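Let's walk through this one together, beginning at the ligand and then moving on to a pair of rings. Have the structure open as you read.

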Amino acid sequence: SKGTYPHFMLKEIDEQPSVMRRISQEYFSSKGEVEVDENIVNSILDSDRIYIVAAGTSYHAGLVGQKIIEKLAGIPVEVHVASEFGYYPPILSRKPFFIFLSQSGETADSRQVLSEVNKKGHPSLTITNVDRSTLSREATYTMLLHAGPEISVASTKAYTAQIAVQAVLAKALSEKSNYESGKQFDLQTQLALVANGMQEIVDEKQLLDDMSRRILTDADNAFYIGRGIDYNVALEAALKLKEISYIHTEGFAAGELKHGTIALIEEGTPVIGFITDKLSAGHTRSNLQEVLSRGAEVFTISMKRVANENDGIILPDVDTLLTPLLSVIPAQLIAYYTSLNRGHDVDQPRNLAKSVTVE
Ligand code: M6R
């Protein structure tokens, strides 16, 4: 039930700090050791490449998971949209391992790929919120998200849970293979920081309602931009906003704007920039400057270590690999308030179903 909440989406956004704490409890022993089924770890270490297959928001979580697994565990990862992979598969490596990311575990596009993978005899892992769902039953292994039921069509806590569980997996792989960067990564401490950081952000929701009323409620188009992992979040932020507010929104790699899309910037076009990484902060800021000088309404979501005092919202610092866990929260709230302020059905947007069981 929604309890005292007006919508499931808002409740599910607010639950994210406790989902992070639950994942930490489920996957770490009392001694602080990461605990993942050894068969999963061995099977992945026995492979030469991971293929992540997913749709929608779960695909976006996979893009972040790729960066985390490659950095922490040193294993090459490819991420694919299930509906494309199904009929136009890439050339596979010699020993592929498949990861299916799916909140519901019922997405038909992913099921179709899994049934091909099973025919070829490749090992697979489903990371899902629903135990004994179809994808969970049909894959070799399962890891659960422990996010609790997600009712709103717009996926929120499943995205952050998928990222956290992929980090758990990466950590377990690095412990077993002695891969230094993962071994040194204190995931348990980071997840605690993330949970506290998420709480700070959801406590500031009013700010995002105000921002939405100021620059989005009457907008026809909007853009999210970022580089690296911030670009991955920009894609998710754009999907969230478009699916429930019906504003045409695109996520772009900040550096790509000037190669065409900047032509769409007019007086008042909202452009929201993510800036969490020192490496690219300067460049993304100049991209925001470029759109500002063409009349865009700019809002910046930045992390403390790279923040300027007039940024729209400043997130507390966490490790670069986990920044999406915090930076997506303002985007979820922006989508929520924009949908609400435009008078739409937040939890049941038009033309959409919670799980897409047709190809
Ligand atoms: O249940 P799944 O994670 O497999 O669902 C995948 C997509 O259908 C889902 O994430 C969809 O994109 C959401 N409505 C996005 O908010």
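T107 puts a polar side-chain atom 2.5 Å from a ligand oxygen atom. With V153 it's the backbone: one of its N or O atoms lies 3.0 Å from a nitrogen atom of the ligand. Taken alone, the ligand exposes 420 Å², and the protein buries 91% of that (areas by the Shrake-Rupley method with a 1.4 Å probe).

Keep in mind that this is a predicted model, where local features need pLDDT of at least 70, side-chain atom pairs count only at pLDDT 80 or more, and totals for chains, interfaces and linings use all residues. Residues are numbered from 1 along each chain as its sequence is written, and side-chain values use heavy atoms, with hydrogens and water left out.

How many residues surround the ligand? There are 14, and the closest are S58, S102, S104, T107 and E243; to be near, a residue needs a heavy atom within 4 Å. The shell splits into 4 nonpolar, 8 polar and 2 charged residues, with Gly counted as polar and Asp, Glu, Lys and Arg as charged.

Now for the rings. F85 and F98 have ring centres 5.8 Å apart and planes at 85°, so the pair is edge-to-face (centres within 6.5 Å, planes over 60 degrees apart).

Technical notes
Polar contact = N/O pair within 3.5 Å; in protein donor to acceptor, adjacent residues only side chain to side chain. Phe/Tyr/Trp six-rings, centres within 6.5 Å; stacked < 30°, edge-to-face > 60°.
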